[in-house]
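Here is a short briefing for a first look at this chain. Read it with the sequence and the model side by side.

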Amino acid sequence: MDVAAPPLVELSAVTVRYGKFLALDGLSLTARAGEIYGFLGRNGAGKTTTMRVLMGVLEPVAGEIRLFGESMKRVPVSIKRRIGYVSQEQNFYPWMNAEQLGRFVGAFYPTWDEAEYGRLLQVLDIPPRRRAAELSGGTRTKLGLALALAPRPPLLLLDEPTTGLDPVARREFNDLVVAMVAERGVTAFFSSHLVDDVESIATRVGIIQAGRMRIEGKVGELMSRVRRVKSAPDFALPSEFHRVRDNVWEAEPEVWAAAAWSAETVVETLPLEEIFLAYARTDAVLSSAA
Ligand SMILES: Nc1ncnc2c1ncn2[C@@H]1O[C@H](COP(=O)(O)OP(=O)(O)OP(=O)(O)O)[C@@H](O)[C@H]1O
């Protein structure tokens with residue numbers, strides 16, 4: 001991934017409330033052009049709320065949204081037209097089949113590509129003449145992806161799309177997203193709590209917990225910043241290290257490299273799953289250790 005690629009999706013200190021409940025608490029994130037950004041968080045962390053902000057359904061009470069380099073308070077329809085969105089649940093008119101849905105949805109998009117839609121139905125193995133009500137949940141999700149991609153959007157927002165898919169459909173779905181990014185330079189921003197999915201296709205990852213970004217970077221960067229330190233029970237590290245929880249600590253790679261460890265101390269790198277668990281658990285210790 002070219003580090004110089006321009007940011008396409010940027011949130012700075014975005015705050016969203018549902019009544020008194022703080023759903024996004026000063027959330028910041030950056031996804032650059034051409035990235036597959038894996039937005040990881042457990043149930044209730046704020047992933048769908050973030051998607052709603054990016055789709056203009058919600059206006060934050062504070063913070064800044066920048067999409068395609070433009071700053072906005074709330075995402076307007078003109079920008080939404082440049083976004084392909086697949087939500088957790090597909091709400092199609094149940095009596096329409098995929099062909100009819102294509103004509104219906106296509107009418108809203110000047111950039112709709114009918115030939116591409118036909119190709120996507122084939123690639124994703126979606127029957128064109130079966131009513132949406134008769135399709136399985138997984139096929140409906142794949143249909144949602146075909147409808148989202150046919151207008152050839154530069155940005156794809158996928159809200160936990162693969163949760164209900166079987167392993168084959170999940171692979172088809174993920175492969176298509178990867179192909180769209182590689183072949184067309186699409187940027188994909190997808191939320192998930194499935195660490196495997198994120199690890200296998202994301203070029204960068206952000207972990208959200210309780211409406212805040214806890215850590216963001218390439219998977220390899222996260223692994224070089226977050227490690228487990230096994231030592232005496234009362235062991236504490238200097239202030240350049242930040243305790244994530246228990247014996248999991250975060251620091252810049254240079255800080256890890258420069259540290260001198262006692263003979264009984266064991267420092268381990270962690271798989272993404274463990275890094276996610278360390279940040280995502282609500283009782284995480286988030287202050288730096290003295
Ligand atoms: N309309 C609403 N009114 C009040 N609270 C809400 C509303 N929608 C979401 N919430 C709360 O906001 C928090 C974030 O919800 P959100 O749906 O964004 O989480 P999520 O990360 O997408 O979770 P999941 O993985 O379960 O879909 C949750 O605590 C949720 O209960």
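**The mixed sheet**

Strand β3 (residues 36–40) runs parallel to strand β8 (residues 187–192), and five bridges join them. Helices (H or I, at least four residues) and strands (E, at least two) are DSSP runs, numbered from the N terminus. Strands count as paired if DSSP finds at least two bridges between them. This is a predicted model: local features need pLDDT of at least 70, side-chain atom pairs count only at pLDDT 80 or more, and totals for chains, interfaces and linings use all residues. Residues are numbered from 1 along each chain as its sequence is written.

- The open sheet has six strands, in the order β6-β7-β8-β3-β9-β10, with mixed pairing.
- β6 (83–86) and β10 are the edge strands; each has a single partner, so one side of each has no neighbour in the sheet.
- Neighbouring strands here are turned by 15° against each other on average, direction ignored. Axes are lines fitted to C-alpha atoms, for helices over the stretch in contact, and angles run from 0 to 180 degrees between N-to-C directions.
- Helix α5 (residues 137–149) packs on this sheet and touches β6 and β7 (155–159). The direction of α5 makes about 170° with that of β6. Contact means that the C-beta atoms of two residues, placed from the backbone, lie within 7 Å.

**The β1 pairings**

- Strand β1 (residues 7–18) pairs with β2 in the antiparallel sense over nine bridges.
- In that pairing, V14 has L27 of β2 as its bridge partner.
- β1 and β2 make a hairpin with two residues between them. In the turn, G19 has a positive phi of about 60°.
- β1 also pairs with strand β4 (residues 62–67), antiparallel, over five bridges. There, E10 stands opposite R66 in β4.

**Around the ligand**

- Which residues are around the ligand? They are Y18, F21, A23, G41, N43, G44, A45, G46, K47, T48, T49 and H193. A residue is near if its C-beta atom, placed from the backbone, lies within 6 Å.
- β2 (21–32) and α1 (47–54) each supply at least two residues of this shell. α1 gives the most, with three residues.
- The shell has four nonpolar, seven polar and one charged residues. Ala, Val, Leu, Ile, Met, Phe, Trp, Tyr, Cys and Pro count as nonpolar, Asp, Glu, Lys and Arg as charged, and the others, Gly among them, as polar.

**Two domains**

- The chain is divided into domain 1 (7–215) and domain 2 (218–280). These bounds come from an automatic or database domain assignment.
- The C-alpha centres of the two domains lie 33 Å apart.
- Domain 1 puts 13 residues into the contact, and domain 2 puts in nine residues.
- On the side of domain 1 that touches domain 2, α7 (195–201), β9 (204–209) and β10 (212–217) give two or more residues each. β9 gives the most, with four residues.

**The antiparallel sheet**

- Four strands form an open sheet in the order β12-β13-β11-β14, with antiparallel pairing.
- Its edge strands, β12 (242–245) and β14 (266–269), each pair on one side only.
- β12 and strand β13 (residues 248–250) share three bridges.
- Helix α10 (residues 272–280) lies across β11 (226–230), β12 and β13, at about 95° to β12.
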